[in-house]
Amino acid sequence: MLNLTDIPRLARSASRLAEIARVLAKYGLAGALARLDYRFVRRWTAGTELHRLADRPWEVRVRLVLTELGTTFIKFGQVLSTRRDLIGPALGDELATLQSHVPADPFSVTRATVETELRQPLEVLFAAFEPEPLASASIGQVHRAVLRDGRKVAVKVQHPGITHRVENDLAILAELAALAEEYLPEFKAYRPVAVVAEFERVLTRELDFRRELRHLQLFRQAFAHDPGVRFPEPHPSLSSGRVLTMELFEGVPFNRPDEVRAAGGDFEALARAGAKAFLDMIFRDGLFHADPHPGNLLFLPPVGNRPEAIGLIDVGMVGRIDERLRATIDRGVGAVLVKDAATVTELIVQAGDVPAGFDAGALEGEVADQLAFYHGMPLEQFELGTALNELTDAIRRYHVMLPAPLALLLRVLVMLEGTGRLLAPGFNLLELLDPYKQASVRKKLSPRRLLRRFVGAVGEWDDLVRGLPRQLSGVMRMVQRREVGVELSHRHLEPSVNRLVFGMMVSALFVGSALLWAFKAEPLVRDVSVFGLFGCVVSALLGYRLFRAIQHSGKLEERDRKE
């Protein structure tokens, strides 16, 4: 049996591991952990049964565990909430509510971070800088400030030591995921190692504020000609990997509808405008804000010559749609419209990672049931979010792991409809999708896109032709060195060979008979060759018999014996 020294990274974080084990036991979630049968785990899970919270649903207990464990685990839960294809809609909805309210750092610590990162005194960088933060979350806190030219900005400052704590927690998560995948069969289908690796990539990027700055620049560029949608203007000269300075939006978040109404917001118009902005990001730009909860969408009242607008903040997490994924989505939408469950299932299998023993037929049956239920439903009754949740739940039950961008997209569409209905109960996202479907068809058939695909195909063929001689030369060298062996194996090949020979004989009979008919070979009846006509009729009958045998996958010689 392995001991603590066999997993040194966990040994170096023994106290943190102890805390994790105790919190899991406190909320009644340490059963699986204890089954790993490691002495150090058993030691920390013992004697904690008095703290079980068995009266709470397990989804709530998972959220409470992640909240109590702090920054890394809160972020892990937020990322997991985007993977409804793995955890299901119920747990996804619960984890989507995860919010981190971390005590703010003392102002002296914040000042030191800003001055170290930007290499100048705070008074030189800003005309004013409020010591009390507007908010403090798991990764950083936000302060209101004023630039030297009088513009108001929000300064996001990373908590000190957060990188080191995250690295330790990620190491523990990676080891626990590996243990769970190896020793707990019920977890293997959820690919814990792959999920933790994806989370590590997402969180590591989120810790670098320069990525969020670049996202703001890209979004502002994409919506430069749309005055109704605004993203904060970033200030690169006052930003770094741990400090982000951006325009301050003084608006009302959508999760405070009474204040939105008091500020003059039209709920119906805001719901449609917000949804259109996200659909533009998804289907027009291929880069979308991946966290459209109501707190990240602000109503910005008109100021001076600037009209009212929707402000979008917190773009640390984004999704990207490349050409391949876009083509898959287009095909999937087309297949849904014609109730083609086979194609929808095929696309799910092609895009996702399917487990061993995957039953494609069973999944296709569920997809067909869902398509039949929703097809033709009146628009006012159809809820896209509910339909997507049902599809995601089916995918989860068959343990298909979707690519991260597609899982993000499904989650964004569900959240988008939910946010729209929060403002306007009659809001229906499907109404706004029709123009994008038509634009997708036009874009697919555009000469520019066809030319680009043709040029790409020519390049691929050129690479293939250039590399073919070298590859053939390598194969020939392997053959000369007798490193290549050919092993033939067949199962029930005889019927196929019999059919092939029989088909050739029927073809020869037909061709010969056709020639006799064409050249009017004697004897003739009403100027028609008797043998030519007879041969054509016989070959047609035999050809039909061969076709029926192939169609029923029967063995021709066995059928002959039966007949």
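A: The predicted model contains 25 helices and 13 strands (DSSP runs of H or I with at least four residues, and of E with at least two, numbered from the N terminus). Of the 563 residues in the protein, 43% are buried (under 20% relative accessible area; exposed is over 50%, partly exposed in between; 1.4 Å probe, protein chains only). Among contacts (heavy atoms within 4.5 Å) with a separation of 6 or more, 67% join residues 24 or more positions apart. The accessible surface (Shrake-Rupley, 1.4 Å probe) comes to about 31100 Å², and carbon and sulfur atoms account for 58% of that area.

On this surface, Arg 201, Arg 205, Arg 211, Arg 214 and Arg 320 form a positive patch (residues with over 30% relative accessible area and no salt bridge, like charges joined within 9 Å; a salt bridge is a Lys or Arg side-chain nitrogen within 4 Å of an Asp or Glu carboxyl oxygen; charges are placed at CZ of Arg, and Lys and Arg count as positive). At least two of the patch residues come from helix H12 (192-206), and at least two from helix H13 (209-222). Arg 214 lies in helix H13 and is partly exposed, its relative accessible area being 43%.

Glu 206, by contrast, belongs to helix H12 and counts as buried because its relative accessibility is 15%. Beyond its neighbours within four places in sequence, Glu 206 contacts Lys 75 and Ile 139.

Residues are numbered from 1 along each chain as its sequence is written. Local features need pLDDT of at least 70 and side-chain atom pairs 80 or more, while totals for chains, interfaces and linings use all residues, and side-chain values use heavy atoms, leaving out hydrogens and water.

Methods. Patches are made of residues with over 30% relative accessible area and no salt bridge: like charges are joined within 9 Å, nonpolar side chains (Val, Leu, Ile, Met, Phe, Trp, Tyr) within 5 Å.
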